[in-house]
Amino acid sequence: MRIGIPRSLLYYKYLPFWKTFLTGMGAEVETSPLTNKKILSRGVEVAENELCVPVKAFYGHCMALRDNGVDALFVPRVVSVEERAYTCPKFLGLPDMIGAVAGSLELPPLLTPRLNQREKPREFKLQLMDFAREQFGLRRLEALAALESARLAQRRYQEGLAGGRKPLDLLPASRFNTPRWRPPAEKRKRIGLLGHPYNIYDGYLTQNLIARLEEMGAELVLPEMTDHNVLMKAATDVPKQLYWTYEKEIMGAINLWTEKQMVDGVVYVLAFACGPDSLIQVLIEHRAKLHNIPLMSLTIDEHSGEAGLITRIEAFIDMLMRKKTAA
Amino acid sequence: MRISAPQMGNLHIMLDDLFGRLGVEYVQPPPSSTKTLQLGAKHSPEFACLPLKINIGNFIEALEVGADTLVMAGGHGPCRFGYYGIVEERILRDLGYDFRFIMLEPFSDGVWAFYKVFESLSPGLSIRKLWKILKISFSKARAIDRLHKRALQLRAYEANRGDTTRALHGAEEIMAAAHTAEEIEAAASESMAVIEAVERDSGRDVLRIGIVGEFYLLLEPFSNFGLEETLGQMGVYLERSVWVTDWIAPNSNNVIYGYPKKTIEKKAEPFLDQNVGGEGRETIGSLVNFAEMGFDGVIQLLPFGCMPENIATSIIPRVQQEHDIPVLTLAFDEQTGRAGMVTRVEAFLDLLEARRRNRPGAALKPGTAASA
């Protein structure tokens with residue numbers, strides 16, 4: 001069986017795990033191409049207008065996989081990845097949202113295991129074993145073996161990220177986000193690039209932002225370079241704990257960066273109409289101001305133009321360069 | 001201490017009653033107005049949802065008329081609402097206001113923490129006394145919800161336009177004055193009689209529409225330009241899926257709405273088999289529910305960008321394929337105008353009337369709904 005994994009949303013977080021798990025169970029895995037104009041515009045056409053641009057792109061990726069003739073689409077329902085927390089509501093409803101258009105778009109069958117660790121830690125292991133039994137007829141030991149190799153693949157990936165490599169260097173078929181030229185190391189500024197992996201590493205959605213920043217003299221600091229548990233701990237400094245895991249990572253990163261003065265400036269990428277980001281934006285901007293770290297919020301959507309983006313980041317980097325010289 | 005909380009529908013009547021019993025002075029924020037919304041939108045993040053923006057406006061106006069303590073409800077996600085309080089406090093502090101801020105987490109998240117909040121407002125309060133106070137305040141609020149539900153049904157038949165709304169205001173005043181359990185019981189039947197006494201044209205053939213969606217938009221008439229009253233006066237019989245007391249009740253039997261949460265979730269299951277926060281799943285379940293009851297159509301209300309409702313909106317076309325019911329989705333933000341909304345609603349009513357005419361045996365008398 002050929003299973004398609006859309007190169008979108010949680011792909012950037014969990015691809016090594018999912019891919020190893022599915023191939024370990026005897027499936028062939030195919031990912032959709034890098035986001036491109038066709039994928040995005042098709043997604044925009046079928047998705048509900050008010051959704052954020054990464055979710056719209058997800059629809060387009062599903063259609064691209066359909067065109068490649070996969071036998072099934074892997075759209076897990078990632079409800080929660082840790083106790084007492086959720087992911088974004090849109091990930092909770094994603095299989096149903098795609099399911100609602102599956103008929104009219106003639107999508108292949110959807111594989112939608114429900115992963116929920118909200119009540120009990122490690123619950124997802126059992127949920128994935130159920131999935132392995134129901135969909136692939138695997139016995140307990142076989143499923144455990146597939147899970148174990150998936151876990152190791154994911155760990156290797158995360159170790160690579162912690163070493164400062166970018167998801168796109170580690171994930172298959174990446175040529176995006178590579179700078180053509182970089183200023184010498186002593187002339188670079190440390191820029192924290194904040195935001196969801198599915199936005200900042202999607203070179204099409206963010207107009208090759210990573211490469212552009214590096215070409216302009218940024219030494220990038222990324223949330224993924226810090227261990228998840230360290231980020232979580234850094235994010236506890238609020239009167240009420242955030243209940244969105246991925247946003248909590250972002251909060252942890254800004255707290256850490258500002259407190260330890262790890263960056264000279266921060267570029268915060270958020271998708272238009274992103275629910276969780278619309279709220280934590282207030283806290284993030286407050287935090288940066290408190291520690292006197294310049295921060296630029298960059299909102300993206302399907303209409304974002306290249307020229308506007310370049311002008312804004314150029315101005316921001318210029319400002320940082322001048323700030324350092326003045327001081 | 002002068003305490004205040006955001007405006008939402010008839011919540012202030014309940015809060016006034018509750019804080020009165022606790023011996024705390026309650027400051028009702030000035031009724032939400034265009035100025036409230038402008039103030040709120042100015043100081044809120046651009047794509048925060050509309051309720052947050054109105055809340056901020058309410059809080060600023062309450063602080064300006066002398067409130068020194070602000071209360072906000074909490075929650076545990078995944079909808080944004082549960083984190084509103086933290087962000088609202090930050091925004092107001094950054095504006096330079098000085099106040100005490102209280103986040104009231106739901107009863108189900110911990111009875112002790114819930115009690116401690118009230119104990120801090122009213123020192124020496126025992127759990128038993130708090131329980132009694134909540135119970136009696138709640139019974140009053142529930143009676144008020146019943147009045148509103150009846151008004152939504154009867155307004156379509158009123159002989160003189162505006163009578164139901166006037167009767168409702170009178171009925172609410174009767175309820176507000178009631179204090180003891182006996183008084184509340186007597187006031188409940190007296191006020192209901194006021195609503196029932198409105199002169200009706202019972203022979204009128206009316207359209208039946210279900211209102212579903214996000215709770216703030218459904219409960220706060222300011223946020224939806226008084227859509228329910230407008231529809232009622234156009235001769236539409238309304239049922240609504242969300243009520244204040246159903247929302248805050250510790251159980252989930254939805255006494256006012258009439259359909260327990262479980263039943264509604266079951267109806268949503270074939271289309272949306274997951275709680276996605278807010279009222280996302282309830283919107284789908286209630287849509288199915290109204291379709292099964294043979295309603296002519298359903299209107300979904302949501303703040304622009306509301307995550308749970310956007311999920312529901314994405315799924316509605318599939319529900320419609322199976323249940324054949326027209327749905328009008330209306331999203332609101334600070335840019336929305338009343339005229340645009342009314343035009344869309346009128347067109348929707350025309351469509352519903354035409355559908356009735358084309359359905360054998362269910363003809364609507366000419367010119368009764370939209371043109372009334």
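At what angle do helix α3 (residues 50-64) of chain B and α4(B) pack, and how many Å apart are their axes? Select both helices: the angle is about 45° and the axes lie 11 Å apart. Helices here are DSSP runs of H or I with at least four residues, strands are runs of E with at least two, and both are numbered from the N terminus. Axes are lines fitted to C-alpha atoms, for helices over the stretch in contact, and angles run from 0 to 180 degrees between N-to-C directions.

The model is predicted: local features need pLDDT of at least 70 and side-chain atom pairs count only at pLDDT 80 or more, whereas totals for chains, interfaces and linings use all residues. Residues are numbered from 1 along each chain as its sequence is written, and chains are lettered from A and ligands numbered from 1 in the order in which they are written.

Remain with the two helices. α3(B) and α4(B) are therefore oblique to each other; angles under 35 degrees count as roughly parallel, over 145 as roughly antiparallel, 65 to 115 as roughly perpendicular and the rest as oblique. Next, display L52(B), N55(B), I56(B) and F59(B) on α3(B), together with Y84(B), E88(B), I91(B) and L92(B) on α4(B), which make the contact. Residues are in contact if their C-beta atoms, placed from the backbone, lie within 7 Å.

Now select the side of chain B that touches chain A. Here 35 residues of chain B are in contact with 29 residues of chain A. Helices α4 (84-94) and α14 (307-323) of chain B each supply at least two residues of that side, and α14(B) gives the most, with nine residues.

Move to chain A, which is divided into domain 1 (2-162) and domain 2 (177-326); the bounds come from an automatic or database domain assignment. The C-alpha centres of these two domains of chain A lie 26 Å apart. Between them, 24 residues of domain 1 are in contact with 24 residues of domain 2. On the domain 1 side, α3(A) gives the most, with four residues.

Finally, select the open sheet of four strands in chain A, ordered β2-β1-β3-β5 with parallel pairing. Strands pair if DSSP finds at least two bridges between them. β2 (28-31) and β5 (110-111) of chain A stand at the edges with a single partner strand each, so one side of each is left without a neighbour in the sheet. Four bridges join β1 (residues 2-5) of chain A to β2(A). To end, select G4(A), which stands opposite E30(A) in β2(A).

Terms used: Two residues are in contact if their C-beta atoms, placed from the backbone, lie within 7 Å.
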